[in-house]
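Student: Could you walk me through this structure, starting with what sits inside? I have the coordinates open and would like to work through a few questions with you.

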Amino acid sequence: MEIEKLIDTYSDYLYRIAFIYTKDRLAAEEVVQDVFVNYYHKSDQFGQKASIKTYLVKMTINRSYDYMRSWKNKKLFITQFFQQYEKGAEQIYVEKELQGEITAAVLSLPVKDREVLLLYYYEEMTVFEIAELLELAVSTVKSRLQRARAKLKPKLSIGVMDDD
């Protein structure tokens, strides 16, 4: 498949996946760009053992983890921490409006919890698909999902995740 067609087909989807991990719009864009550049340069390594979508998602997850471990991310986090005290009341209000209660609660969870919730509910993947994607046992995915719901419940004023 041509790189342009891949970008048109999967860039929005991969951006959402990257944002799940990085919690930063610019970082998510950077991750997706890196994924497509790496795929372009190493497309011959794609053995077609999985679908191209699964392959790109796995690359996006791995690149997101790399970003979160990087000094650049840690430096940005520290800078944002101190800048939050310089914001005016109006800017704080606008930012809170942009972040919905559920989104903020989910994004406050650790990555391991956040990724299974978002893959399960937002991407509507099955437990088996998530296990395959993350290279985990099905029982591990189920326990992470249960633990994530338990952590999320007190953060929300409504009972959102009571199914299953």
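Tutor: A nonpolar core is a set of buried Ala, Val, Leu, Ile, Met, Phe, Trp, Tyr and Cys residues joined through side-chain atoms within 4.5 Å, where buried means under 20% relative accessible area with a 1.4 Å probe, protein chains only. This is a predicted model, in which local features need pLDDT of at least 70 and side-chain atom pairs count only at pLDDT 80 or more, while totals for chains, interfaces and linings use all residues. Residues are numbered from 1 along each chain as its sequence is written, and side-chain values use heavy atoms, without hydrogens and water.

Student: How many helices does the chain have?
Tutor: Helices here are DSSP runs of H or I with at least four residues, and strands are runs of E with at least two, numbered from the N terminus. The chain has 0 strands, and its helices number 9.

Student: Is Thr60 buried or exposed?
Tutor: Thr60 lies in helix H3 and touches Leu14, Ile17, Ala18, Val31 and Val35, leaving aside residues up to four places away in sequence. Its relative accessible area is 0%, so Thr60 is buried.

Student: Which backbone oxygen does the side chain of Thr60 reach?
Tutor: A polar contact pairs N or O atoms within 3.5 Å; within protein, one must be able to donate a hydrogen and the other to accept it, and residues adjacent in sequence count only if both atoms are side-chain atoms. At 2.8 Å, the Thr60 side chain reaches the backbone oxygen of Leu56.

Student: Which element has the lowest mean pLDDT?
Tutor: pLDDT is the predictor's confidence in each residue, from 0 to 100, and the chain's mean is 78. Among the elements, H9 has the highest mean, 90, while the lowest, 55, belongs to helix H4.

Methods: Buried < 20%, exposed > 50% of the residue type's maximum accessible area, 1.4 Å probe, protein only. Contact = heavy atoms within 4.5 Å.
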